[in-house]
Amino acid sequence: GALQAIGHKELFAYFEGRITLTEAAENLKQSTRRYAKRQLTWFRYIDDIIRLNRENSNTANVEEIINHLYI
C-alpha cells in the first residue's frame with residue numbers, strides 16, 4: 001500500500017526520533033537507487049521494449065514509438 005512507498009519508512013524513522021534527518025535523507029537516496037536498479041533488472045527481461053536515450057533522442061524515436069503503438 002501507500003505506506004510501503006519509498007520515503008515513508010525513512011521519514012517515519014526520522015519523525016520517531018530513531019535517526020537524524022541526514023540519515024533519513026541518505027536512507028531515502030539508497031532506497032531510491034535500489035528501486036531504480038530493480039526496475040532496470042525487470043525491464044531487462046522484457047523483449048518487446050523500446051529504449052530511448054534522451055541524449056540521442058530525435059523524431060525517429062517518436063515515430064518508432066507511434067508505429068509500435070498502432071501496429
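Which residues make the nonpolar surface patch of about 610 Å²?

Analyst: Leu 3, Leu 11, Phe 12, Tyr 14, Phe 15 and Leu 21 make the patch. Two notes on the numbers come before the details. Residues are numbered from 1 along each chain as its sequence is written. The model is predicted, so local features need pLDDT of at least 70, side-chain atom pairs count only at pLDDT 80 or more, totals for chains, interfaces and linings use all residues, and side-chain values use heavy atoms, with hydrogens and water left out.

A patch is made of residues with over 30% relative accessible area and no salt bridge; nonpolar side chains (Val, Leu, Ile, Met, Phe, Trp, Tyr) are joined within 5 Å, and like charges within 9 Å. A salt bridge is a side-chain nitrogen of Lys or Arg within 4 Å of a carboxyl oxygen of Asp or Glu. Accessible areas come from the Shrake-Rupley method with a 1.4 Å probe, and for residues only the protein chains shown count as cover.

Helix α1, residues 8-15, gives the most to the patch, with four residues. Leu 21 belongs to helix α2, residues 21-44. Helices here are DSSP runs (H or I, at least four residues), as strands are (E, at least two), numbered from the N terminus. The chain has three helices and zero strands.

Leu 21 is partly exposed, at 49% relative accessible area, and Tyr 14 is partly exposed at 31%. Phe 15, at 60%, is exposed. These words have cut-offs: buried is under 20% relative accessible area, exposed is over 50%, and partly exposed is in between (1.4 Å probe, protein chains only). Of the 71 residues in the chain, 10% are buried.

Aromatic rings come next. The whole structure holds two aromatic pairs. In one, the rings of Tyr 14 and Phe 15 have centres 5.6 Å apart and planes at 50°, so this pair is tilted. The other joins Trp 42 and Phe 43, with ring centres 5.1 Å apart and planes at 70°, so this pair is edge-to-face. Rings of Phe, Tyr and Trp (its six-membered ring) pair if their centres lie within 6.5 Å; planes under 30 degrees apart are stacked, over 60 edge-to-face, and the rest tilted. Trp 42 is exposed at 57% relative accessibility, while Phe 43 is partly exposed at 34%.
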